[in-house]
Amino acid sequence: TEVVAALIWDQDKFMIASAGPQGQGLLWEFVGGKVEPGETKEQALIRECQEELAVTLNVGEVFMDVVHEYPDLTVHLTLFHAATGGVPQKLEHNDIRWITVDEIDQFAFCPADVEILRRLKDAY
């Protein structure tokens, strides 16, 4: 399953969201979602952020790709650097936070994000 997510920075903090009931329970994750048939990854990310946060997204470079195998699903996650226009709204999440790289260990993330978070800690 092709999935896209946004690494959205505000100065030295990046956005994480607590998934709604359909997601990975109350684990934290990057904002994004599945790529629909006929969409590019960038189009999917723009649509998902509009639906979930009511923001316009400017999609930048790919930060990294991860393949993660859950018991029932294999996910190919592409994380893009991105910037938002507007104030994010909690339309589909329990919570949204802005955290520093130093605060990563205080949150329980989805398994697919673990490798990304390790790389973020190394990069920043």
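Is F30 buried or exposed in this structure? F30 is buried, with a relative accessible area of 4%; buried means under 20% relative accessible area, exposed over 50%, and partly exposed in between, with a 1.4 Å probe and protein chains only.

Good morning. This is a predicted model, in which local features need pLDDT of at least 70 and side-chain atom pairs count only at pLDDT 80 or more, while totals for chains, interfaces and linings use all residues. Residues are numbered from 1 along each chain as its sequence is written, and side-chain values use heavy atoms, with hydrogens and water left out.

I begin with the aromatic rings. Rings of Phe, Tyr and Trp (its six-membered ring) pair if their centres lie within 6.5 Å; planes under 30 degrees apart count as stacked, over 60 as edge-to-face and the rest as tilted. By this rule there are 5 aromatic pairs. One of them is stacked: F14 and F30, at 5.9 Å centre to centre with 25° between the planes. F14 belongs to strand β2 and F30 to the loop between β3 (28-29) and β4 (31-34), so the pair ties together parts that are 16 residues apart in sequence. Helices (H or I, at least four residues) and strands (E, at least two) are DSSP runs, numbered from the N terminus. F14 is buried, at 0% relative accessibility.

W28 and F107 form an edge-to-face pair, 5.3 Å centre to centre, with 80° between the planes. This pair links distant parts of the chain, W28 in strand β3 and F107 in the loop between β7 and α2, 79 residues apart. Both W28 and F107 are buried.

I turn now to charged side chains. Side chains of opposite charge can pair when their charged atoms come close. A salt bridge is a side-chain nitrogen of Lys or Arg within 4 Å of a carboxyl oxygen of Asp or Glu, and the whole structure holds 8 of them.

In one of these, E51 meets R47 at 3.3 Å, N to O. Both residues lie in helix α1 (residues 41-53), 4 residues apart, about one turn of the helix. E51 is partly exposed at 36%, and R47 is partly exposed at 21% relative accessibility.

Another salt bridge joins D105 and K121, whose closest N and O atoms are 2.6 Å apart. D105 sits in the loop between β7 (95-99) and α2 (114-123) and K121 in helix α2, 16 residues apart, so that the pair links distant parts of the chain. D105 is exposed, at 62% relative accessibility, whereas K121 is partly exposed, at 36%.
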